[in-house]
Amino acid sequence: MQENNNTPTSEDKDIINNLELNFLEALIPVVALMAMLAYNIFYADGVLLGDYSNQFILLLGGLIAAVVGFFNKVNFKAMVVEIIDNLKSVFIPILILFLVGALAGTWLVSGIIPAMVYYGLQVLTPSIFLPASVIIAALISIATGSSWTTSATVGIALVGIGTALGIPTGIIAGAVISGAYFGDKMSPLSDTTNLAPAMAGTDLFTHIRYMTITTVPTIIITLIVFSIISFNIDTSGNADVSGLLNTINNTFQISPYLFIVPVAVIILIVTKTKPLIALGVGVLLAAVFAFIFQSEILGSLSDSNFKSIINAIFIDTEIITDNEKLNELFSSGGMQGMLWTIYLIICAMVFGGIMDAIGALTRITDALLKVASSVFGLFASTVISCLGLNAIASDQYLAIVIPGKMFKQAYEDKGLAPENLSRSLEDSGTVTSVLIPWNTCGAYQSTVLGVSVADYFVYAIFNWLSPFMTLLFAALDIKIKQLGEK
């Protein structure tokens, strides 16, 4: 071990690459982190250290990295400098996450999310049931930012309706999951969609726009396949969703005018307005529409309509209906609901900062790049790392966080824009988690929909096709954005 008494500053980071740390030493914190995560998942049911186990484990991994650093004579100040720099880099993403929580709450109490569900359910007919299910699940997931909530509400309803029509449950679940994860991946309300660009070093809307390059072809192929399946399956009965529609209509004042708000936000996104401004406008417009359209809802939530709006922005909001399936959908955690993900980001930045300071990330990525020296090899390494972590760590968040920190510098060294990394993280980390039975996502979806992972695996077309699509684009050098390229 070589002694190094220099302390890098935020302006002079090259010194980190000069730390003499061998590959095995660099792996110690990573192996320890994986071991703790595996124990937490397989032996402690994910709550080894409470509800924030993953966050604490990341901090423990950072502590182990610090010990390795101390043995290499890396001083404490160097680590603090890197941690602070890392935290500065995610300040805007954290603000965006808070606004995302506020947006979810205001879009609920204004009736925007219920309106999307209401109109979406009305497109169901037996002949196009499967592609319609993909579209409905996608719309609801985009509106809520949550594949889990979509599956637990509309997903359950679609499985019930499809089963009554005589369609195998594995196919229905595959359609629901495909649509739900497309929406989760593309929604600015999704925590993973905010997490990936935060790890890669790009902004939310740049990330979403860049994801369309691989995601749109993937969802089109998915819809074509499900359309072909629909035309070749004999169905019987009717897709009766009248109960759900009546409940929504009796609870909210549903109007097409409510779509003015999401359309306005989409226009702001397309015109490249800064995310904080676009989301802030979405929150303010939704609050105004809540006063106009949902005064009864606001009155039922609190003794003051204004207070109900404030609560929807900052804390939990639950709108109770006469249908239990819809109650979970019509609930939001506001800004408070974003804290779990924000704490995960902060802890990941601490872990990554210390790993940066001791030179471990540089050493690991250098070793990986020796094996995968080409641009395609870098993309392939990212995909494999995300898939591996989904299987080993059993958590999609960590399948984004850890490869994101490990490969960020490698993409920069190759002259690749950070959105290449953020897109790869989502294409291979977010969507494949549901394909692994012991992953939290796979276990959840299987339990909620009542269909085993083995039964829906083949039919979750969007999910398993996404990593192949990102590799195909990399192999053909299609839309691989370079640093500084507009």
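Good morning. A residue is called buried when its relative accessible area is under 20%, exposed when that area is over 50%, and partly exposed in between. With that in hand, let us turn to the structure before you, which is a predicted model.

I begin with Ile 228, a residue of helix H10, which covers residues 204–231. Is Ile 228 buried, exposed or partly exposed? Its relative accessibility is 48%, and therefore Ile 228 counts as partly exposed. Please also find Ile 128 in the model. Ile 228 and Ile 128 stand 100 residues apart in sequence, yet their C-alpha atoms are 9.6 Å apart in space.

Let us set beside this a second residue, Cys 386. This residue belongs to helix H19, made up of residues 375–392. Cys 386 has a relative accessibility of 0%, so it counts as buried. Which residues does Cys 386 contact, once its neighbours within four places in sequence are left aside? They are Ala 399, Pro 403, Leu 425, Ser 428 and Gly 429.

Not counting residues up to four places away in sequence, Asn 327 touches Thr 321 together with Ile 319 and Ile 320.

The largest nonpolar core contains 151 residues. Within this core, the residues with the most contacts are Trp 107, Phe 129, Leu 130, Met 199 and Ile 358. Which helix gives the most to this core? Helix H17, residues 339–358, does so, with 12 residues.

Finally, I come to the largest pocket, whose volume is about 1,100 Å³. It is lined by 41 residues, and those closest to its centre are Ser 146, Trp 148, Asp 191, Gly 337 and Tyr 397. What is the make-up of this lining? It consists of 20 polar, 14 nonpolar and seven charged residues. Helix H4, which spans residues 91–109, gives the most to the lining, with four residues.

To close, I return to the opening definition. Cys 386, at 0%, counts as buried, whereas Ile 228, at 48%, counts as partly exposed. Thank you for your attention.

Terms used: Residues are numbered from 1 along each chain as its sequence is written. This is a predicted model: local features need pLDDT of at least 70, side-chain atom pairs count only at pLDDT 80 or more; totals for chains, interfaces and linings use all residues. Side-chain values use heavy atoms; hydrogens and water are left out. Helices (H or I, at least four residues) and strands (E, at least two) are DSSP runs, numbered from the N terminus. Buried means under 20% relative accessible area, exposed over 50%, partly exposed in between (1.4 Å probe, protein chains only). Contact means heavy atoms within 4.5 Å. A nonpolar core is a set of buried Ala, Val, Leu, Ile, Met, Phe, Trp, Tyr and Cys residues joined through side-chain atoms within 4.5 Å. On a 1 Å grid over the protein atoms alone, a cavity is a set of points where a 1.4 Å probe fits but cannot get out, and a pocket is an open set with protein on both sides within 12 Å along at least five of seven lines; lining residues have an atom within 4 Å of a point. Grid points are joined across faces, edges and corners, and a volume is the space filled by probe spheres set on the points. Ala, Val, Leu, Ile, Met, Phe, Trp, Tyr, Cys and Pro count as nonpolar, Asp, Glu, Lys and Arg as charged, and the others, Gly among them, as polar.
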